Amino acid sequence: MEELEELYPWQNTLWQQLRRAEEMRAHALLLKGRKGIGKLSFAYALAKSLLCERVTARLTACGQCASCRWFTQGTHPNFYLIAPEAFTSAPSDAALESDEDRRENDTVKSRKKAGQQITIDQVRSLDHFVYFSGHQAGYKVILIHPAEAMNAAAANALLKKLEEPPAHALFLLIAHQWQDLLPTIRSRCQQITMPVPDTVTACDWLIQQGVDPPETYLALAGASPLQAKMFSQGDYLVQHAEFIRQMSLPERLDPIPLSSALSKLDLSMLVNWLQKWCYDLMSCRVTGKVRYHLQHETTIRKLAATINPLQFAQFWRDLIKTQRLSQHPLNTKLFIEEMLLSYMSVMVPGRYRE
Ligand SMILES: [Zn+2]
């Protein structure tokens with residue numbers, strides 16, 4: 001949890017600009033950007049520093065005062081978090097950053113139970129916080145994460161609040177898919193594009209975190225340093241290597257025993273692995289470039305040469321749907337089996353058995 005309020009090196013410039021700017025008077029900030037770059041911890045750091053009684057010279061929270069202690073304990077009366085139930089029930093440091101990461105850590109069981117949406121009741125419950133509770137002096141900070149998880153009713157309820165913002169309230173909205181937010185909500189926020197570290201900065205940070213070799217993990221994580229760090233922990237690499245070994249030999253795949261073995265892994269993560277693998281096959285075929293699996297370039301070139309690009313593009317689009325469905329599978333083994341059969345049908349069309 002200590003990373004939750006961490007400011008990452010690639011955020012320093014933005015921090016100084018934002019914290020020193022007069023326009024911190026804005027009632028709502030929309031922090032938007034790709035997953036795994038530290039948006040959430042930035043928002044926590046911002047909230048904590050705004051509530052802090054003795055900010056440092058860098059305008060970061062002191063970490064010592066009563067306010068900072070409440071904040072760290074999660075009991076600050078002037079801080080309010082709105083997130084899908086699924087998120088608040090399973091917090092764990094870097095994984096808090098993204099839904100994708102969180103799903104990788106959750107079990108299938110808890111994922112099914114937990115709500116993925118922000119509901120209108122959650123937004124309505126703000127009224128009590130804003131008008132009646134907490135200290136009346138100073139900021140009241142409301143963090144909504146991720147904002148695109150608001151369903152239509154919740155979004156409209158929030159819009160009303162943004163139209164007539166309560167005094168001293170600051171809304172911090174975090175969004176990975178900010179295009180999915182109501183335009184009227186976006187336009188009422190000061191929009192901030194969160195910085196993405198360049199490769200050198202990201203690798204430097206990963207080295208400090210003990211990740212070795214940083215380039216490999218960064219490529220695997222699609223240039224998201226927080227995800228790269230998570231990938232470097234546990235037996236992720238072993239499982240992933242075995243999965244890639246299987247996918248490298250599509251003509252030898254045996255979907256039934258394999259789906260049984262893979263069903264022990266997180267489904268969303270598994271689909272994501274296949275998405276990245278297929279992205280590389282497609283990209284290699286079309287542009288000659290490999291993005292995620294640098295150490296498998298030779299194999300990818302060989303396989304990519306055999307695919308039918310049109311047919312493969314359709315499979316690629318279907319995988320996006322598969323990713324969405326992976327949150328609510330009826331039968332995990334069957335789900336994986338179907339996915340593997342589809343993969344085989346585009347990779348080795350002649351051998352495909354219905
Ligand atoms: Zn403090």
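**View A. Thr322 counts as buried, at 17% relative accessibility.** Here, buried means under 20% relative accessible area, exposed means over 50%, and partly exposed covers what lies in between, using a 1.4 Å probe and protein chains only. The model shown is predicted, so local features need pLDDT of at least 70 and side-chain atom pairs count only at pLDDT 80 or more, while totals for chains, interfaces and linings use all residues. Residues are numbered from 1 along each chain as its sequence is written, and side-chain values use heavy atoms, with hydrogens and water left out. Thr322 sits in helix α18, which spans residues 309–325. Helices (H or I, at least four residues) and strands (E, at least two) are DSSP runs, numbered from the N terminus. Leaving aside residues up to four places away in sequence, Thr322 touches Val271, Phe335 and Met339. A contact means heavy atoms within 4.5 Å.

**View B. The whole chain, for orientation.** You will find 19 helices and five strands here. Of the 354 residues, 52% count as buried. When contacts between residues at least 6 apart in sequence are considered, 74% join residues at least 24 apart. The accessible surface comes to about 16800 Å², and carbon and sulfur atoms hold 53% of this area. Accessible areas come from the Shrake-Rupley method with a 1.4 Å probe, and for residues only the protein chains shown count as cover.

**View C. Helix α16 packs with helix α19.** Two packed helices are described by the angle between their axes and the distance between the axes. For α16 (residues 267–287) and α19 (residues 332–347), the angle is about 5° and the axes are 11 Å apart. The two helices are therefore roughly parallel to each other. Axes are lines fitted to C-alpha atoms, for helices over the stretch in contact, and angles run from 0 to 180 degrees between N-to-C directions. Angles under 35 degrees count as roughly parallel, over 145 as roughly antiparallel, 65 to 115 as roughly perpendicular and the rest as oblique. On the α16 side, look for Leu267, Leu270, Val271, Leu274, Trp277, Cys278 and Leu281, which meet Thr332, Phe335, Ile336, Met339, Tyr343 and Met347 of α19. The residues of this contact divide into twelve nonpolar, one polar and no charged. Ala, Val, Leu, Ile, Met, Phe, Trp, Tyr, Cys and Pro count as nonpolar, Asp, Glu, Lys and Arg as charged, and the others, Gly among them, as polar.

View D. Side chains of opposite charge can pair when their charged atoms come close. A salt bridge is a side-chain nitrogen of Lys or Arg within 4 Å of a carboxyl oxygen of Asp or Glu, and by this rule the count comes to six. One of them joins Arg124 and Asp121 (4.0 Å, N to O). Both residues lie in helix α7 (residues 120–124), three residues apart, about one turn of the helix, and Asp121 is exposed at 53% relative accessibility. Another joins Arg245 and Glu242, with the closest N and O atoms 3.0 Å apart. This pair belongs to helix α14 (residues 236–247), three residues apart, about one turn of the helix. Arg245 is partly exposed at 44%, and Glu242 is partly exposed at 35%. In helix α18, Lys321 and Asp318 are three residues apart, about one turn of the helix, and their closest N and O atoms are 3.6 Å apart. Lys321 is partly exposed at 48%, and Asp318 is partly exposed at 29%.

**View E. Ala154 is buried, at 0% relative accessibility.** Ala154 belongs to helix α9 (residues 152–163). Residues up to four places away in sequence aside, Ala154 touches Ile118, Thr119, Ile120 and Val123. Ala154 and Gln122 are 32 residues apart in sequence, yet their C-alpha atoms are 7.7 Å apart in space.

**View F. Backbone details in the loops.** Most residues other than glycine have a negative phi, and most peptide bonds are trans. A cis peptide bond joins His145 and Pro146, with omega about -15°; Pro146 is in the loop between β3 (140–144) and α9. A cis peptide bond also joins Asp212 and Pro213, with omega about -5°, and Pro213 is in the loop between α11 (199–208) and α12 (214–220). Leu59 has a positive phi, near 65°. Leu59 lies in the loop between α2 (39–51) and α3 (66–73) and is buried at 18%. His168, in the loop between α9 and β4 (169–175), has a positive phi of about 65° although it is not a glycine.
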